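Keep the viewer open as you read.

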Amino acid sequence: MEKKQEIAASAGEKAPEQHAIDVVPYEHGDAKGTVVDAGADVKKERLAVVEEPQKKKSTRVAALDAFRGLTIVVMILVDDAGGVYERIDHSPWDGCTLADFVMPFFLFIVGVAIAFAMKRVPKKREAVKKVSVRTLKMLFWGILLQGGYSHAPDDLAYGVDMKVIRWCGILQRIALVYFVVALIEVFTIKVRPNTVQSGPYAIFNAYRWQWLGGFIVLVIYMVTVYSAYVPDWSYVYHLEGDIDDGKLFTVQCGVRGHVDPACNAVGYVDRMVWGINHLYTQPVWIRTKECTFSSPEMGKLRDDAPAWCRAPFEPEGLLSSIASILSGIIGIHYGHVLIHFKTHKERLKHWLSMGFSLLLLGILLHFTKAIPINKQLYSLSYVCFTGGAAGIILSAFYILIDVWGLKIPFLFLEWIGKNAMLVFVLGAQGILAGFVNGWYYGSEDNNLVNWIQQHVFINVWHSVRLGSLLYVIFGEILFWGVVSGILHKLGIYWKL
């Protein structure tokens with residue numbers, strides 16, 4: 001952690017590097033729509049104070065922090081309460097639930113941050129070096145937290161068998177999107193305009209290279225998904241104590257262009273690149289109606305369940321992560337709008353028109369069954385639907401917080417958003433809970449976290465479902481909101 005190291009400094013402070021979930025440093029416009037030059041020289045700032053004493057102190061756009069904080073909060077909610085309220089957990093296959101908004105929202109706000117971080121690139125080589133180093137840091141943390149080395153919070157053991165290490169994960173996907181989108185921004189610095197006209201298409205023309213990059217990504221994804229041949233494949237099921245432990249299953253495919261769980265090109269690419277032993281072993285498709293009569297909730301496997309129901313599948317795999325670059329491209333567009341347009345009206349006009357257009361396009365593609373909304377495949381309709389939702393929610397936060405000045409109700413989201421990496425690692429990934437669980441009495445299950453959950457919430461409400469939900473809200477989300485607020489008052493922020 002570093003003290004007094006906020007990502008986007010207010011006037012009079014130099015803006016350092018961004019923390020990990022933000023991924024990059026960025027500057028915010030003030031509440032009047034003026035872009036803040038957070039990288040200004042201290043001496044020049046002092047001179048400006050002398051020459052323009054009437055100039056108001058600039059502030060960061062709080063809506064961005066609140067949006068990031070909301071994403072972290074939803075992530076904690078669906079991860080820790082999704083087990084008892086499975087309808088908010090990830091959709092088993094086609095469709096979109098609350099949990100399915102988390103990843104694209106992360107990537108969207110990363111894109112917004114990149115626009116500010118790369119607004120000025122004095123030296124390309126130095127910028128490429130910083131982007132590369134930060135990408136490697138995120139990859140390291142991602143593998144450490146989600147590769148199997150950390151078993152927190154339930155298992156106090158550490159370590160992973162390299163034969164089955166999981167190479168993909170949330171931070172790994174964020175790292176890829178950040179790396180690609182940031183490099184496009186760095187290498188197009190000379191062709192980017194300083195000013196943009198107020199026309200509806202001028203901003204798209206000004207940053208056509210970013211959209212060209214997005215189009216190339218889309219072509220690569222669509223061509224692979226709908227033209228790659230997927231052969232039959234096999235896997236060995238492993239679950240200690242299960243009657244089928246060690247059994248070899250074969251999934252029959254031999255098709256092209258299928259987007260069902262068994263024979264899609266997304267899973268095929270991951271099996272070829274990473275190896276089937278390195279994929280996520282608990283995919284949500286086990287809750288599909290083909291696998292259980294309890295769908296969309298978890299239940300006993302059907303007697304006629306197909307062979308793929310217990311197979312591994314990587315939800316943050318290579319091809320789907322390539323498609324997720326589009327979420328970052330959408331986000332950087334919103335950042336460009338914030339940089340170039342000076343009034344609330346102009347910003348909201350561009351943001352809301354883009355948001356509703358994407359949302360409607362995603363809905364249209366899904367309900368016409370042209371391209372179903374699917375988080376596991378990161379389909380085009382999913383990109384559009386979630387990208388549009390992100391733009392609309394950011395616009396709503398901007399109106400409420402930065403235009404109308406209703407900051408107090410959203411302070412806890414801002415605080416969490418400013419320390420997103422810390423809350424992600426210690427809270428969402430259960431590192432702090434795992435540390436507390438390490439101080440147990442008699443048995444590992446007899447620890448403070450379990451005692452609070454059982455006696456303060458579940459026993460009081462006489463309900464495992466309601467008690468678990470209330471524990472997540474008050475014992476986790478509210479707790480991290482308070483911790484983030486204290487750290488904010490102390491000027492302490494954790495970044496990569």
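**Cysteines first, then a helix pair**

Count the bonded cysteines along the chain, and the disulfides of the protein pair up as 1-2, 3-4. Bear in mind that this is a predicted model. The count of disulfides comes to 2, taking a disulfide as a pair of cysteine sulfur atoms within 2.5 Å.

Start with Cys-253 and Cys-263, whose sulfur atoms sit 2.1 Å apart, forming a disulfide. The link of Cys-253 and Cys-263 is left-handed, with -85° about the S-S bond. Where do the two ends sit? Cys-253 lies in the loop between β4 (248-251) and β5 (255-256), while Cys-263 is in the loop between β5 and α8 (265-273), so the pair, 10 residues apart, links distant parts of the chain.

Are these two cysteines buried or exposed? Buried means under 20% relative accessible area. Cys-253 has 14% relative accessibility, so Cys-253 counts as buried. Cys-263 has 5%, so Cys-263 counts as buried too.

Now move along to the other bridge, where Cys-291 is joined to Cys-309 with an S to S distance of 1.9 Å. Both cysteines of this pair are found in the loop between α8 and α9 (318-340), 18 residues apart, and again the pair links distant parts of the chain. The torsion about the S-S bond of Cys-291 and Cys-309 is about -95°, which means that this disulfide is left-handed. Cys-291 is buried, and Cys-309 is buried as well.

Two further cysteines deserve a look. Cys-168 comes in at 6% relative accessibility, so Cys-168 counts as buried. Cys-96 has 27% relative accessibility and therefore counts as partly exposed, that class being the one between the 20% and 50% cut-offs.

Helix α2 (residues 62-81) packs against helix α16 (residues 464-490) at an angle of about 145°, and their axes are 10 Å apart. The crossing of α2 past α16 is right-handed.

Which residues of α2 and α16 meet? From α2 come Val-73, Ile-76, Leu-77, Asp-80 and Ala-81, and from α16 come Leu-469, Val-472, Glu-476, Ile-477 and Trp-480. Sorted by class, the contact of α2 with α16 has 8 nonpolar residues, 2 charged ones and no polar ones.

Terms used: Residues numbered from 1 in each chain as written. Predicted model: local features only at pLDDT ≥ 70, side-chain atom pairs only at ≥ 80, totals over all residues. Heavy atoms only, no water. Helix = DSSP H or I, 4+ residues; strand = E, 2+ residues; numbered from the N terminus. Buried < 20%, exposed > 50% of the residue type's maximum accessible area, 1.4 Å probe, protein only. Axes fitted to C-alpha atoms, helices over the stretch in contact; angles between N-to-C directions. Left-handed = near helix turned anticlockwise from the far one by under 90°. Contact = heavy atoms within 4.5 Å. Nonpolar A, V, L, I, M, F, W, Y, C, P; charged D, E, K, R; others polar.
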